[in-house]
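Work through the exercises below with the sequence and the model in view. Try each task before reading its solution.

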2 protein chains.
Amino acid sequence: MKPTVTLTEVAAKAGVSIATASRALSGKPRVSREMIERVRTVAAELGYRVDPIARALREGSSRLVGMIVPGLDIPYFAQLVAALEEELNRAGFELLLADSHGFIEEEVRRLRVFGDRRVDGIIIVPADRTASIQSLANIPAGFPTVEVDRATDRPVADFVGVDNTRGMELLFEHLSERQVASVAFAGADDASTNGVERWECFNRLAGRHGMEVSATYRGDFSTQSGAAAAEHLLQTGPLPDAIVCGSDQIAVGLISRLHKHGYGVPGDVLVTGFDGGELADIFLPTLTTVLQPISSIAADAVSLLVSRMEGGTGTIRRSLLAPTLQLGESTGTIS
Amino acid sequence: MKPTVTLTEVAAKAGVSIATASRALSGKPRVSREMIERVRTVAAELGYRVDPIARALREGSSRLVGMIVPGLDIPYFAQLVAALEEELNRAGFELLLADSHGFIEEEVRRLRVFGDRRVDGIIIVPADRTASIQSLANIPAGFPTVEVDRATDRPVADFVGVDNTRGMELLFEHLSERQVASVAFAGADDASTNGVERWECFNRLAGRHGMEVSATYRGDFSTQSGAAAAEHLLQTGPLPDAIVCGSDQIAVGLISRLHKHGYGVPGDVLVTGFDGGELADIFLPTLTTVLQPISSIAADAVSLLVSRMEGGTGTIRRSLLAPTLQLGESTGTIS
DNA sequence: AACGAGTGCGGAAACGTTTACACACTCTTT
DNA sequence: AAAGAGTGTGTAAACGTTTCCGCACTCGTT
């Protein structure tokens with residue numbers, strides 16, 4: 001699978017030096033109009049395509065972007081990767097994908113490989129809010145990097161993610177309309193900024209809307225965690241009017257478990273999710289959730305990355321994108 | 001993000017030529033024991049790591065494996081990618097990921113880029129049973145390639161996937177035990193081998209078990225298709241005893257839609273899925289489905305690929321892995 | 001008429017490896 | 001004692017680009 005036709009051959013056939021051929025093809029100045037024309041034609045005839053490896057060696061850049069996620073099998077991350085891959089491709093980059101499985105050591109290891117491979121930029125969903133700061137410290141300062149979905153505590157790179165505050169506000173407005181007086185929280189622990197922020201927003205907004213907080217459970221974003229939350233809530237007392245969950249996965253895990261214990265949603269308790277996507281639409285009941293603007297996140301992340309790669313310097317940016325409320329049956333029949 | 005320390009520096013510090021240094025590090029013969037020791041120590045001290053780009057240019061291989069899937073946002077493919085990424089990494093390869101979105105043109109375009117990038121192998125889930133033969137024709141004969149999950153009609157590369165026949169047999173044995181007398185099918189069209197095979201198996205096995213086939217619907221593997229199937233079945237007459245679906249997505253889409261029309265599962269009709277995974281476990285009702293041996297598929301695919309890369313020649317292989325039956329509530333309460 | 005600036009092109013170096021080849025040396029074999 | 005077979009090491013070429021630099025030439029300006 002070696003390059004069939006090299007620049008040397010193109011140059012030879014066009015009767016010019018490889019220097020001129022290179023300039024003609026790459027659109028660099030100091031080449032005459034007709035020369036450009038001639039070389040281009042020959043190149044097209046021969047089906048020449050520049051060898052990315054040779055170019056990378058010479059230029060020190062590869063038109064490759066490395067991405068690290070903590071768990072590809074998590075639907076939300078899969079969607080994120082899908083959106084980013086498309087966006088990167090549109091911008092002319094290939095995607096080098098790695099899964100950290102949530103381990104810091106894996107994260108640093110894969111980041112190192114990315115460095116060796118001379119990726120032009122890095123997209124990362126940090127495994128841990130604090131520990132990942134160390135992983136990212138291995139990246140040279142100013143290297144095009146963007147954190148997606150979750151941020152690190154100290155702003156060490158550009159960040160693009162959903163506006164958790166706005167999302168929770170939308171949810172509480174809705175719950176308020178539904179006359180909810182008591183709420184419980186089933187979310188994630190402090191390992192991720194999303195875990196922290198959604199939790200803080202929950203408390204603040206429950207207070208602001210005068211709702212009583214009956215119980216809280218914090219694990220991770222998985223369905224198993226949702227099930228565990230259900231058990232916890234059932235043990236600590238009577239169910240509240242509504243349960244706010246940190247992700248759709250948690251919500252369905254929780255609903256599923258409540259169901260096993262004979263409690264129905266929205267009959268016995270209202271439930272909300274966070275993320276949106278296919279799961280929310282097809283689950284029974286369908287989920288009232290906060291719909292993440294995934295394509296916007298992807299587009300924003302890539303454009304941020306590209307601007308950095310083009311030398312765009314300046315202070316670290318933080319881009320929070322507004323989500324939308326998606327109504328489902330889990331907070332009552334849709335009117 | 002350039003390599004900080006090169007082989008030249010290591011050689012200089014060790015007081016040897018770069019040739020010897022290279023041989024010492026790569027474990028090639030014709031170097032003395034103590035020299036290997038010396039160079040290795042110096043390399044470690046300096047934190048030297050070989051530059052994959054320079055090596056790729058020289059050797060013509062990159063320790064990169066390209067993978068193409070038709071839709072990363074499809075949960076099953078996401079899981080497959082996750083499993084393969086892990087397996088590849090274990091074998092010392094990085095994953096270059098591309099999404100064809102099911103389009104042949106995208107497929108050939110991305111394959112071409114893979115070629116330019118000198119990937120050492122290709123893993124592909126063909127977009128189309130027949131059209132993808134042409135895409136794959138662009139790959140030089142004998143180039144390490146493996147089709148996963150779906151095969152092309154003509155065997156043009158090694159294939160690893162689930163044993164559809166076995167899977168469907170497991171399902172029908174189960175349905176037979178449940179005294180099912182009439183069945184309907186909601187599966188995918190002829191674009192993929194899985195679509196074809198599961199359909200053929202369904203017909204064959206329904207016949208063998210003496211079940212009446214009430215209706216059939218064939219779209220794609222999505223939940224939308226499942227919903228459409230539900231509508232179709234409801235229109236064509238009374239519901240059968242059981243509905244066999246071509247994927248879990250179809251199953252949940254179908255159940256969801258049946259629910260909207262007031263029909264319950266397993267109360268009014270039994271439903272089976274195909275694939276297994278989180279969705280099947282948490283849906284209400286949980287799904288009786290055929291659990292794909294994803295890790296085995298991934299392991300097999302990579303080992304097949306690696307053996308080809310090591311020069312393993314020989315006839316094209318076809319590896320069908322046995323799935324297992326996973327019981328859920330959708331075919332009746334679990335005893 | 002001489003000069004400087006600008007333009008078009010080619011030669012060759014450089015990116016960091018791996019490896020073919022040559023050389024020197026040590027044993028073993030005749 | 002000469003030849004042959006290893007063994008350890010170094011020199012240099014090669015992979016395919018991009019680009020620095022130098023040369024030749026054409027203008028427009030003094």
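**Exercise 1.** Which residue in β2(B) is the bridge partner of Leu96(A)?

Solution. The model is a predicted one. Start with the two strands: β2 of chain A, residues 94-99, pairs with β2(B) in the antiparallel sense, over three bridges. Within this pairing, Leu96(A) has Leu96(B) as its bridge partner.

**Exercise 2.** State what rotation superposes chain B on chain A, and how the two copies are related.

Solution. Chain B is superposed on chain A by a rotation of 180°, with 0.0 Å of shift along the axis and an RMSD of 0.1 Å. The copies are therefore related as by a two-fold rotation axis. In chain B, Leu96(B) has the C-alpha nearest this axis, 2.4 Å from it.

**Exercise 3.** Describe the side of chain B that touches chain A.

Solution. First, the count: 40 residues from chain B and 40 residues from chain A make the contact. Next, the elements: those of chain B that give two or more residues include β2 (94-99) and α6 (104-116). The largest share, seven residues, is from α5(B). By class, this side has 21 nonpolar, seven polar and 12 charged residues. Finally, 100% of the interface residues of chain B are also interface residues in chain A, so the copies meet through the same surface.

Technical notes: Residues numbered from 1 in each chain as written. Chains lettered and ligands numbered in written order. Predicted model: local features only at pLDDT ≥ 70, side-chain atom pairs only at ≥ 80, totals over all residues. Least-squares fit on C-alpha atoms with pLDDT ≥ 70 in both. Contact = placed C-beta atoms within 7 Å. Helix = DSSP H or I, 4+ residues; strand = E, 2+ residues; numbered from the N terminus. Nonpolar A, V, L, I, M, F, W, Y, C, P; charged D, E, K, R; others polar. Pairing = 2+ DSSP bridges.
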